[in-house]
Amino acid sequence: MASIETLGDLRQSGYRSRPVKQEIRENLVGKLRAGDPLFPGIIGYDETVIPQLVNAVLSRHNFILLGLRGQAKSRILRGMVDLLDERIPVVPGCEIHDDPLAPLCAACRARIAKDGDRLAIGWLRREDRYVEKLATPDVTIADMVGDIDPIKAAEAGLNLSDELTMHYGLLPRANRGIFAINELPDLAGKIQVGLFNILQEGDVQIKGYPIRLKLDVMLVFTANPEDYTARGKIITPLKDRIGSEIRTHYPATRGHAMAITKQEAWTDRTGALRVEIPDYVREVVEEIAFQARADRKIDKRSGVSQRLPISTLELVISNAERRALAHGEHVVVPRVTDVYAALPSITGKFELEYEGELRGAEQIARDLIRSAVGSVFTGIFDGVDSRTVVEWFDLGGSLPLSDTSSADDVIAQTRGVQGLRELATHAGLKPGATAPAVASAVDFVLEGLYAQKKISRSEERGYSAAEAAPRRGQRREEVTLDEEIRMPGNKKKYYN
Ligand SMILES: [Zn+2]
């Protein structure tokens, strides 16, 4: 291919260009036959979204991804680029990437008529065949399709339907490629009609003049499912032309979610201290998003993006890094308490329902962290006896610790708490673990017991006995089951 430089070479090579959806289909068939990975980097969709996507491509459909924010919709659309040919021949300089063997625009036809087989051709890389646009209500037909200058056209004595008078918009510039429109329902009805006409008839009216544009484009879209299905948001004929509606979703399991965050978060801080992230910290960070998605105080319609755990983990590491630097520690091991320092990455990632607004974003985020810690702790410590540690607090012990306490300080202060080190080991501590790792595991146990309301924590005293410490002999399980009941008039009552 690289040796093909002129139209004559191209003709001699027997090259035939294909419609873009056919090209994508054939390349996908090749990948499926070879067992190549499809959509690398997309995690957790192997049995849901990807099979539907493959079917849509095999069917040569335009498609729409319906899903909430942070469900990798844009990434999937960009991944479609890998299904294009590595490069295709074009008429150099043509704004709509005309095929030298079948040019659309009058200028290219004129050049080919003049130069014939001597016409130099160019090669367009696949990355340059993907055009993306975020739909907003102010997008115009001129942005999307193009514009004409009637006066200039009249002066030149040109027929107005001649493309020479046209300033191309985004869609024609995506000719022979993929055009992605994000948040399709935000596009004005008039623009949707324009898109539909191009797709269906290959012509469009601009300023009342008919323009002929037989474009070859694969159209892909994204939308929030509720917006898309709302009556009147999408014109019916356009909806009809979208062959497949594919629903995306949030990670179904904590394992998938952790894998995504591991891939996306900036955790490998080159040039700095070594970072070791305990699994329970990763799990807690992930569980916050799961808890938030299930929380009725948080708006379901806008969702909770996977970007929440990603940026939270980054802040958690930074807080641990800051502590390690302050104390001259050589290894950075995040603690569960570092998650509270990540509030700035949590509070902005969800919209609150009315009830949530009464409580406030920061308090909601704190509640989410505490219940995430509780969920992860209960999972790991199911059936593990923590009584000796809780009793130490019930007998009046307290630990004034914070997220700025050095690892050595945490270890020294907790040395006298019988059974605590054994519980820390159960968190997954390896023999010969570094002081920061031990401190982190100890912190996890204390935060876990706090989340289970077996001990309490305050700014002044640090960790101490639970506020309503159960009487001796009372079964501990009941304490973890206590329910916060909201009474009329917003008074809270605690049942123990
Ligand atoms: Zn052209």
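**Overall dimensions and an aromatic cluster**

The chain has a radius of gyration of 30 Å, whereas a compact globule of 496 residues would have one near 23 Å. The model is a predicted one. Along the principal axes, the C-alpha atoms fill a box of roughly 95 × 55 × 40 Å. The secondary structure consists of 22 helices and 17 strands.

Of the 496 residues in the chain, 49% are buried. The accessible surface amounts to about 24,100 Å², and carbon and sulfur atoms contribute 49% of this area. Among contacts with a separation of 6 or more, 74% are between residues 24 or more positions apart. Charged side chains number 67 positive and 71 negative, and the centres of these two sets lie 2 Å apart.

Six aromatic pairs were counted in the chain. In one of them, the ring centres of Phe377 and Phe444 are 5.6 Å apart and the ring planes stand at 80 degrees; the pair is therefore edge-to-face, as the angle is over 60 degrees. Phe377 lies in helix H17 (residues 361-380) and Phe444 in helix H21 (residues 435-451), so that the pair links distant parts of the chain, 67 residues apart. Both partners are buried: Phe377 has a relative accessible area of 2%, and Phe444 has a relative accessibility of 0%. Each value falls in the buried class because that class covers relative accessible areas under 20%. Phe377 and Phe444 also belong to one aromatic cluster, together with Tyr280 and Phe381.

Technical notes:
Residues are numbered from 1 along each chain as its sequence is written. This is a predicted model: local features need pLDDT of at least 70, side-chain atom pairs count only at pLDDT 80 or more; totals for chains, interfaces and linings use all residues. Side-chain values use heavy atoms; hydrogens and water are left out. Helices (H or I, at least four residues) and strands (E, at least two) are DSSP runs, numbered from the N terminus. The radius of gyration is taken over C-alpha atoms; the globule rule is 2.2 Å times the number of residues to the power 0.38. Buried means under 20% relative accessible area, exposed over 50%, partly exposed in between (1.4 Å probe, protein chains only). Contact means heavy atoms within 4.5 Å. Accessible areas come from the Shrake-Rupley method with a 1.4 Å probe; for residues, only the protein chains shown count as cover. Lys and Arg count as positive and Asp and Glu as negative; His and the chain ends are not counted. The place of a charge is taken as NZ of Lys, CZ of Arg, CG of Asp or CD of Glu. Rings of Phe, Tyr and Trp (its six-membered ring) pair if their centres lie within 6.5 Å; planes under 30 degrees apart count as stacked, over 60 as edge-to-face and the rest as tilted.
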